Amino acid sequence: MSDCIFCKIISKEIPAEIIYEDDNTLAFLDINPINVGHTLVIPKAHHENIFDMPEDILSKAVLVLRKVAKSLDKISDGINIGQNNRLAANQLVNHFHFHVIPRFENDGLKHWPGKIYNESEGKSVAEKIRENLE
Ligand code: AMP
Ligand code: ZN
């Protein structure tokens, strides 16, 4: 994709601090890290989101994701793995990517807030999710 910033990083048209590279997958530092060491893991093939990802490419990216997470785990206290799909979920770069975010004791970041189900809401949404499974 000619206008995709991550495709340009893959083709080395724009610079990035590369952590790992193989035929299918690239890992590089996020330019605006949540914490120092925040790394992005991307397939080299341009696919917009998890729904578009061919299973074999996704599987290979997941193995690199774990490789990077294991490395970051040695220099941090914990790891968050994130993956945003669609604008409503704050996906700003439309080239599939995992975020690997090192966490540190007392780094000031908060856990996400949890809601409470009311009445039959839980059963109802679970039924819808089961119906939509493919
Ligand atoms: P998302 O909101 O999940 O689409 O995240 C996109 C991420 O890409 C953000 O965390 C950005 O900081 C990161 N990002 C955008 N441009 C670059 C770049 N040129 N090099 C490295 N990371 C980038
Ligand atoms: Zn791309």
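Biologist: Where is Gln 91 found?
Modeller: Gln 91 is in the loop between strand S4 (78–82) and strand S5 (98–103). Helices (H or I, at least four residues) and strands (E, at least two) are DSSP runs, numbered from the N terminus. This is a predicted model, in which local features need pLDDT of at least 70, side-chain atom pairs count only at pLDDT 80 or more, and totals for chains, interfaces and linings use all residues, while side-chain values use heavy atoms, with hydrogens and water left out. Residues are numbered from 1 along each chain as its sequence is written, and chains are lettered from A and ligands numbered from 1 in the order in which they are written.

Biologist: Why is Gln 91 called buried?
Modeller: Buried means under 20% relative accessible area, exposed over 50%, and partly exposed in between (1.4 Å probe, protein chains only). Gln 91 has 3% relative accessibility, so it counts as buried.

Biologist: What does the side chain of Gln 91 reach at 2.8 Å?
Modeller: It reaches the backbone nitrogen of Arg 86.

Biologist: Which residues is Gln 91 in contact with, leaving aside its neighbours within four places in sequence?
Modeller: They are Glu 48, Asn 49, Asn 84, Asn 85, Arg 86 and His 97. Contact here means heavy atoms within 4.5 Å.

Biologist: What is the phi of Asn 90?
Modeller: Phi of Asn 90 is near 70°, a positive value in a residue other than glycine. Most residues other than glycine have a negative phi. Asn 90 also sits in the loop between S4 and S5.

Biologist: Why is Asn 90 called exposed?
Modeller: The relative accessible area of Asn 90 is 57%, so it is exposed.

Biologist: Which value of phi does Asn 106 have?
Modeller: Asn 106 has a positive phi of about 60°, although it is not a glycine. Its place is in the loop between S5 and helix H3 (121–132). At 79% relative accessibility, Asn 106 therefore counts as exposed.

Biologist: What makes a set of residues a nonpolar core?
Modeller: A nonpolar core is a set of buried Ala, Val, Leu, Ile, Met, Phe, Trp, Tyr and Cys residues joined through side-chain atoms within 4.5 Å. The largest one here has 13 residues, of which Val 41, Val 68, Phe 98 and Val 100 touch the most other members. Helix H2 (55–73) and S5 are the elements that give two or more residues to this core. The largest share, 7 residues, comes from H2. Another core, of 9 residues, lies apart from it, with Cys 7, Ile 10, Phe 28 and Ile 42 among its members.

Biologist: Which residues is Val 41 in contact with, leaving aside its neighbours within four places in sequence?
Modeller: Among them are Ala 61, Val 64, Leu 65 and Val 68, as well as Phe 98 and Val 100.

Biologist: Where does Glu 17 lie?
Modeller: Glu 17 lies in the loop between helix H1 (5–10) and strand S1 (18–21). Glu 17 counts as exposed because its relative accessibility is 52%. Leaving aside neighbours within four places in sequence, Glu 17 is in contact with Ala 27, Phe 28 and Leu 29. The C-alpha atoms of Glu 17 and Leu 29 are separated by 5.5 Å, and these residues are 12 apart along the chain.

Biologist: Why is Lys 74 called exposed?
Modeller: Its relative accessibility is 74%, so Lys 74 counts as exposed. Lys 74 has its place in the loop between H2 and S4. Its C-alpha atom and that of Pro 102, 28 residues apart along the chain, are separated by 9.7 Å.

Biologist: How many helices and strands does the protein chain have?
Modeller: Its secondary structure comes to 3 helices and 5 strands, and from the N terminus on the elements run α-β-β-β-α-β-β-α. Of the 134 residues of the protein chain, 32% count as buried.

How values were computed:
A polar contact is a pair of N or O atoms within 3.5 Å; within protein, one must be able to donate a hydrogen and the other to accept it, and residues adjacent in sequence count only if both atoms are side-chain atoms.
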